[in-house]
Amino acid sequence: MKISSSPPSPQISKAINDHSNTSIDDSLLISEGLLFIRPLKVTHIEHFNMPITNIKTILKSKNIPNKYRCRVRVVDYIPRKIVNFTRPYCTVCKKTFEKSMDNSLVCCNRCKSTGAKIKYAFLFSLLVEDNSKCFLPIIIFEIDKSEFLGLPATDLKNPKDFEELKSRLKKLWVFKTVSDNYCVNENKKLTLTHSRTILCGNIFDVCIERYKNTQGIRQKVFDTRII
Ligand SMILES: [Zn+2]
């Protein structure tokens with residue numbers, strides 16, 4: 001199905017609404033025990049009148065670039081360490097580079113710029129899923145400050161900045177420890193307990209732009225902020 005960028009024409013809007021009504025039922029839809037009901041207010045999006053498109057439809061669409069509103073939850077993220085969610089950004093080269101965790105002078109490895117020519121940027125990717133059981137990596141790339149997080153971009157070496165970031169991300173997901181019991185003999189006298197940590201994502205709405213660059217097809221977050 002072809003989906004236009006905002007604003008959709010009335011006919012397309014109706015078609016999309018009909019489609020989303022069949023794919024997402026706010027009151028009833030269950031995905032592996034997870035209710036994709038109207039989410040708790042986790043994010044504010046600018047385009048709340050935009051219909052919800054599921055990931056399966058987005059992946060099938062050949063209409064690139066395009067903009068969508070999705071209802072998703074986080075299942076994974078990269079980089080692995082939250083402290084690496086920001087990177088130094090060279091305003092001359094217009095590229096980010098590796099962060100060093102020692103206190104050496106921050107210097108662009110391409111043009112050797114330092115000082116005010118170097119800013120910080122949030123650059124990380126969230127792997128999200130929705131009720132269509134498909135996955136989509138979405139990129140957050142924001143220089144100097146993040147509208148999505150409502151935070152300034154820093155090197156995150158100050159524990160206060162790091163804690164603030166973690167507290168913002170907690171709105172999207174938390175880690176929980178679950179225990180599984182295994183009976184190891186027939187009369188159930190001996191059980192083993194195995195604990196594991198799982199990522200529990202909250203359902204939230206997000207606006208994404210799908211585009212193509214030299215590396216392939218990407219999706220980035222826009223006009224969305226965590227409340
Ligand atoms: Zn540079």
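User: How do you know into which classes the residues lining the second largest cavity divide?

Analyst: The lining divides into four nonpolar, one polar and two charged residues, given that Ala, Val, Leu, Ile, Met, Phe, Trp, Tyr, Cys and Pro count as nonpolar, Asp, Glu, Lys and Arg as charged, and the others, Gly among them, as polar. The residues concerned are Leu 151, Pro 152, Thr 154, Leu 156, Asp 161, Glu 164 and Leu 165. This is a predicted model, in which local features need pLDDT of at least 70 and side-chain atom pairs count only at pLDDT 80 or more, while totals for chains, interfaces and linings use all residues. Residues are numbered from 1 along each chain as its sequence is written, and side-chain values use heavy atoms, with hydrogens and water left out.

User: Why is a space called a cavity or a pocket, and how many cavities does that rule give here?

Analyst: On a 1 Å grid over the protein atoms alone, a set of points where a 1.4 Å probe fits but cannot get out is a cavity, whereas a pocket is an open set with protein on both sides within 12 Å along at least five of seven lines; a lining residue has an atom within 4 Å of a point. By this rule there are two cavities of 30 Å³ or more. The second largest cavity has a volume of about 40 Å³, a volume being the space filled by probe spheres set on the points, which are joined across faces, edges and corners.

User: Which elements supply the lining of the second largest cavity?

Analyst: Strand E10 (151-152) and helix H3 (159-169) each supply at least two residues, and H3 gives the most, with three. Here helices (H or I, at least four residues) and strands (E, at least two) are DSSP runs numbered from the N terminus. Leu 156, one of the lining residues, sits in the loop between E10 and H3.

User: How do you know whether Leu 156 is buried or exposed, and what is the value of its phi?

Analyst: The relative accessible area of Leu 156 is 5%, and Leu 156 is therefore buried, since buried means under 20%, exposed over 50% and partly exposed in between (1.4 Å probe, protein chains only). Its phi is near 65 degrees, a positive value in a residue other than glycine. Most residues other than glycine have a negative phi.

User: How large is the largest pocket, and what makes up its lining?

Analyst: About 440 Å³ of space lies in the largest pocket. Its lining has 18 residues, with Ile 139, Ile 140, Phe 141, Glu 142 and Lys 220 nearest the centre, and by class there are eight nonpolar, four polar and six charged residues. Strand E8 (135-143), strand E14 (216-221) and strand E15 (224-226) each contribute at least two residues, the largest share, four residues, coming from E8.

User: What makes the arrangement around the zinc ion tetrahedral?

Analyst: The donors, which are N, O or S atoms within 2.8 Å of the metal (3.2 Å for Na, K and Ca), are the SG atoms of Cys 90, Cys 93, Cys 108 and Cys 111, at 2.2 to 2.3 Å. Their angles at the zinc ion run from 102 to 115 degrees, and the arrangement is therefore tetrahedral, as four donors count as tetrahedral if all angles lie between 85 and 135 degrees. Along the sequence, the donor residues follow the spacing C-x2-C-x14-C-x2-C.

Technical notes
Four donors count as tetrahedral if all angles lie between 85 and 135 degrees; four count as square planar and six as octahedral if opposite donors are over 155 degrees apart and all others between 65 and 115; anything else is irregular.
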